[in-house]
Amino acid sequence: MSSMPVTAVAVSASAGVASGQDSTTATPGVRNETESNTPQVTQPATSTSTASNASDGPTQTVSVGPGGALVFAPGTDEPMQITPGTTVTFVWESNNHNIVVDTQPTDASWSGHNTLENEGFTYSYTFETLGTYDYYCEPHRTAGMGATIEVVESIESSGGAGGEKELHDLGVPIQAHWVGAATILGIIVTVIFTFYVLKYGESAHTGTGRNQ
Ligand SMILES: [Cu+2]
């Protein structure tokens, strides 16, 4: 696990050199860009008071290339579901990635972020139009670095990541905990029982041999 980021960074760096992008994007200077199809500017600091304003909508974070892995997380393994008005902040966690919009609802106008960026860059966009958005990273598209955002009226509790996380956090560990505790207790009881039977036991075999 500890050697993985080093390898991944090396791969990303060599990919940058090969594609000629390293000279322009090598500086890990943080440039932030916020884009929205609503007139309001998102201010996360004030997002706790009212829910009626679009600028106070929910937020989501997508990791771009976390640990050098060629994925958007969440979004690659399974579609990320959000509700209209959600501001998604993409956080670059490795180098030489971009966001190219593949398909989107006909009345949506997401332009993605076509410029290749490096670790530390963030880009935000507020999704308002219902539907499915497919996007990919151009340098790593063939490696499977594509993802899906689904803007839905309400998040499905069964298929969403929240439901699964709840199951893992509550049900499974508790069950495993008690099964493990019972097993260990059983082993200890068996060992103690066996010890006393062997030392003080008066079964037919040990008893007759010692007492007569
Ligand atoms: Cu990429």
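## The open sheet

Let's start with the sheet in this predicted model. Five strands make up an open sheet, ordered 4-10-9-6-7, with mixed pairing. Here a strand is a DSSP run of E with at least two residues, a helix is a run of H or I with at least four, and both are numbered from the N terminus; two strands pair if DSSP finds at least two bridges between them. Strand 4 and strand 7 (113-117) sit at the edges, each pairing on one side only.

How do strand 4 and strand 10 pair? They run in the parallel sense, over three bridges. Gln81, for instance, has Glu150 in strand 10 as its bridge partner.

## The whole chain

Zooming out, the chain has four helices and ten strands, and their pattern along the sequence reads α-α-β-β-β-β-β-β-β-β-β-β-α-α. Of its 212 residues, 22% are buried. Buried means 20 or more other C-beta atoms within 10 Å of a residue's own, exposed means 12 or fewer, and partly exposed is in between, with C-beta atoms placed from the backbone.

Residues are numbered from 1 along each chain as its sequence is written. Since this is a predicted model, local features need pLDDT of at least 70 and side-chain atom pairs count only at pLDDT 80 or more, while totals for chains, interfaces and linings use all residues.

## The nonpolar core

A nonpolar core is a set of buried Ala, Val, Leu, Ile, Met, Phe, Trp, Tyr and Cys residues joined through C-beta atoms within 7 Å. The largest one here has 24 residues, and Val62, Ile82, Val88, Phe90, Phe127 and Ile149 touch the most other members. Strands that each supply at least two residues of this core include strand 2 (59-64), strand 5 (86-92) and strand 8 (122-127).

Take Ile82: neighbours within four places in sequence aside, its contacts are Gln60, Val88, Phe127, Ile149 and Val151. A contact means that two C-beta atoms, placed from the backbone, lie within 7 Å.

The peptide bond from Ala73 to Pro74 is cis, with omega near -5 degrees. Pro74 lies in the loop between strand 3 (72-73) and strand 4.

Asn96 is in the loop between strand 5 and strand 6 (97-103). Its phi is near 70 degrees, a positive value in a residue other than glycine.

## How confident is the model?

The chain averages 74, and 57% of the residues score at least 70. Over residues 1-27 the pLDDT is below 50.

Notes:
pLDDT is the predictor's confidence in each residue, from 0 to 100.
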